[in-house]
Amino acid sequence: MKVFTRLSDFTEARDQIPPSKSIGLVPTMGALHAGHASLVQRSVADNELTIVTIFVNPTQFGPNEDLSTYPRTLEADIELLKSLGANWVLAPQVDEVYAKESFFSFQIHSLADRLCGASRPGHMEGVVQVVSILFNIIHPKKAYFGLKDYQQFIIIRHLAKAFHTGVEIIGCPIVRESDGLALSSRNVYLSSEAREQALFLSKCLQHIKSNWAEIKTPKDLRSLTDTFLSKFPLVKLDYIEVLDADNLEYLDSFENTKTMHAFVAAFLGKTRLIDNLRIQ
Ligand code: AMP
């Protein structure tokens with residue numbers, strides 16, 4: 001496995017790859033776990049060459065977020081990627097990816113004004129920016145994203161199509177701990193008490209699904225989840241929504257919509273976690 005920490009070395013090597021070779025890209029911010037590993041395994045199975053990027057992208061963090069404390073475990077990540085059969089790793093420096101002065105910013109309309117896009121202003125724009133840069137540097141045939149970040153997946157899928165990138169976007173299922181908690185690099189921040197209460201996210205989604213027959217409107221959803229939330233005193237709810245699964249549109253009533261998807265985000269102390277589940 002080749003590891004590139006300089007973008008110039010990477011692009012030189014990339015230029016040598018014949019166009020016929022199928023390249024799979026797995027973009028990550030490192031601190032890899034079994035969720036990331038599932039994306040890499042899928043890419044290794046599908047493509048002749050799998051490239052994993054490890055880049056804690058500053059433009060997708062807000063001013064009061066955890067950019068400086070985000071877990072960084074490059075050595076362990078490299079060992080894991082070797083064992084998974086990844087071919088190349090690109091872990092570039094920030095000043096090679098972004099020029100000192102920027103004249104551009106992205107604007108995303110309705111898809112990013114809800115869920116995490118609303119709670120974390122500028123986050124989705126930063127994601128779109130870095131993913132566009134990675135597509136331009138790497139020119140993959142396929143790129144793999146986790147459905148754990150469902151809104152991100154939908155936005156990237158639109159991006160790939162709207163800008164004629166020629167990249168096929170593959171969504172991979174959420175990998176969970178045995179008790180249901182979705183794996184996240186941020187789970188390491190949780191105290192043992194917070195870790196227990198973090199089960200609120202997956203359990204609340206399951207609770208919504210099991211009681212779906214009684215939930216007709218967003219108001220019903222809110223009263224069901226408020227009662228459930230009262231059992232988890234450490235949880236500070238950010239949002240809970242059921243939206244149209246394909247276009248993330250708000251629904252006044254859940255009765256005549258075919259594909260519905262539930263989304264939750266909550267804080268445990270300073271740690272913000274997200275999860276989602278297909279309801280119907
Ligand atoms: P991150 O390093 O958090 O930016 O995540 C990199 C990729 O891994 C994104 O496409 C995530 O959606 C995906 N990912 C993170 N956690 C999981 C998980 N538990 N299951 C599946 N994919 C995941």
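Modeller: Start at Phe135. If its neighbours within four places in sequence are left aside, Phe135 is in contact (heavy atoms within 4.5 Å) with Leu25, Pro140, Ala143, Phe145, Ile156, Thr165, Val167 and Ile169. Before going on, note that this is a predicted model, in which local features need pLDDT of at least 70 and side-chain atom pairs count only at pLDDT 80 or more, while totals for chains, interfaces and linings use all residues. Residues are numbered from 1 along each chain as its sequence is written, and side-chain values use heavy atoms, with hydrogens and water left out.

Phe135 belongs to the largest nonpolar core, which has 46 residues; Phe135, Ile138 and Ile169 touch the most other members. A nonpolar core here is a set of buried Ala, Val, Leu, Ile, Met, Phe, Trp, Tyr and Cys residues joined through side-chain atoms within 4.5 Å. Buried means under 20% relative accessible area, exposed means over 50%, and partly exposed is in between, with a 1.4 Å probe and protein chains only. The element that gives the most to this core is helix α6 (residues 123–138), with 9 residues. Helices (H or I, at least four residues) and strands (E, at least two) are DSSP runs, numbered from the N terminus.

Next come two loop residues. His139 sits in the loop between α6 and β5, and its phi is near 50°, a positive value in a residue other than glycine. His164 also has a phi near 50°; its place is the loop between α7 (150–162) and β6 (168–172). His164 counts as exposed because its relative accessibility is 71%.

His36 gives a contrasting case. This residue is in helix α2 and counts as buried because its relative accessible area is 15%. Apart from neighbours within four places in sequence, His36 is in contact with Thr28, Gly30, Ala31 and Ser185. A polar atom of the His36 side chain lies 3.0 Å from the backbone nitrogen of His33. That pair is a polar contact, meaning N or O atoms within 3.5 Å; within protein, one must be able to donate a hydrogen and the other to accept it, and residues adjacent in sequence count only if both atoms are side-chain atoms.

β2 (23–28), α2 (34–46) and β5 (142–146) are the elements that give two or more residues to the shell around the ligand, and α2 has the largest share, 3 residues. In total, 17 residues surround the ligand, each with a heavy atom within 4 Å of it. Met29, Gly146, Asp149, Val175 and Leu183 are the closest. By class, the shell has 9 nonpolar, 6 polar and 2 charged residues. Ala, Val, Leu, Ile, Met, Phe, Trp, Tyr, Cys and Pro count as nonpolar, Asp, Glu, Lys and Arg as charged, and the others, Gly among them, as polar.
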